[in-house]
Amino acid sequence: MSNIRRKTAEQMQLAWSTIPAVTQFDKADITDLEVLRKKMNASGGAKVTVTAILLKVLASALKKFPQFNASIDMANEEIIYKDYFHVGVAVDTERGLLVPVVKDVNSKNISELAEDLNVIAEKARDKKIRPEDLSGACMTITNLGGIGGYAFTPIVNPPEDAILGDSRASMEPVYSDDTFYARLMMPVCVSYDPRLIDGADAARFLRWICQALENPAILAFEG
């Protein structure tokens, strides 16, 4: 095994043996969001991706649902709530999957997050990533939309207690007001530790994220 494959195997084995994870699925209508994203990219600067937008949304979601920004300590029967907002982002590289961490996502706007993503992805692919770039995440985002597929069940990376995933968006008929409309729908999912997060809260959390993505005017206001 390569070093990265060995570390990945060890961490995934730890995750599978310690976290009895459950996955919740939903879909977000990102038709209007795509219009906004293309306008932002037309203005120049770092390329804004759906992942950059998800980072912004997730920062707000972690504040509203603090149980997703926590870890569980079974030995001491304690829940550790975090007052910082660092998010890991899975990056596909020739050497394997790396998860560099974007720090303080709550204090940055979408353009700044897009720039951070470009920097960490380039470092990961150019073999310039450092150990400190891969540690300290409160939660992780994994995006398979650029490859394909419509659903998957991401594995929670301990000591995190949840991971957010999104798949490729596609045009689908959506029924509203007695009419079918063509809308760009993006599948999203969250795997979570049910020892700390109840299923109803996971459904609310994911629905909140979908609703935030479906209201791009709010995202534009927040930068």
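**Figure 1. Asn 215 in a predicted model.** At 39% relative accessibility, Asn 215 counts as partly exposed, because that class lies between the 20% limit for buried and the 50% limit for exposed residues. The model shown in this and the following views is predicted. Asn 215 sits in the loop that links helix 5 (199-213) and helix 6 (216-222). Ile 30 is 185 residues away from Asn 215 in sequence, yet the two C-alpha atoms are 8.7 Å apart in space.

Figure 2. Strand 11 covers residues 179-192 and includes Ser 191. Ser 191 has a relative accessible area of 0% and is therefore buried. Two polar partners of the Ser 191 side chain are shown. One is the side chain of Thr 23, with a polar contact at 2.7 Å; the other is the backbone oxygen of Pro 154, reached at 2.6 Å. Leaving aside residues up to four places away in sequence, Ser 191 touches Val 22, Thr 23, Thr 153, Pro 154, Val 156, Asp 161, Ala 162 and Ile 163.

**Figure 3. The second largest pocket and its lining.** This pocket holds about 160 Å³ of space. Its lining includes Ser 191, together with Thr 23 and Pro 154 from the previous view. Also in the lining are Ala 15, Trp 16, Ile 19, Ala 21, Val 22, Thr 153, Ile 155 and Val 156. At least two lining residues come from helix 1 (3-18), and at least two from strand 1 (22-29). Sorted by class, the lining has eight nonpolar residues, three polar residues and no charged residues.

**Figure 4. Helix 2 and the glycine that follows.** Helix 2 takes in the twelve residues 31-42. Buried residues in helix 2 are Thr 31, Leu 33, Glu 34, Leu 36, Arg 37 and Met 40. An α-helix has 3.6 residues a turn, so residues three or four places apart point the same way. Just after helix 2, Gly 44 has a positive phi of about 95°.

**Figure 5. Helix 3, a mostly covered helix.** Helix 3 has 15 residues, 50-64, and runs 21 Å from its first C-alpha to its last, close to the 21 Å expected at 1.5 Å a residue. Twelve of the 15 residues are buried. The buried residues include the run Val 50, Thr 51, Ala 52, Ile 53, Leu 54, Leu 55, Lys 56, Val 57, Leu 58 and Ala 59. Ala 61 and Leu 62 are buried as well.

Definitions and conventions: Residues are numbered from 1 along each chain as its sequence is written. This is a predicted model: local features need pLDDT of at least 70, side-chain atom pairs count only at pLDDT 80 or more; totals for chains, interfaces and linings use all residues. Side-chain values use heavy atoms; hydrogens and water are left out. Helices (H or I, at least four residues) and strands (E, at least two) are DSSP runs, numbered from the N terminus. Buried means under 20% relative accessible area, exposed over 50%, partly exposed in between (1.4 Å probe, protein chains only). A polar contact is a pair of N or O atoms within 3.5 Å; within protein, one must be able to donate a hydrogen and the other to accept it, and residues adjacent in sequence count only if both atoms are side-chain atoms. Contact means heavy atoms within 4.5 Å. The expected span of a helix is 1.5 Å times one less than its number of residues. On a 1 Å grid over the protein atoms alone, a cavity is a set of points where a 1.4 Å probe fits but cannot get out, and a pocket is an open set with protein on both sides within 12 Å along at least five of seven lines; lining residues have an atom within 4 Å of a point. Grid points are joined across faces, edges and corners, and a volume is the space filled by probe spheres set on the points. Ala, Val, Leu, Ile, Met, Phe, Trp, Tyr, Cys and Pro count as nonpolar, Asp, Glu, Lys and Arg as charged, and the others, Gly among them, as polar.
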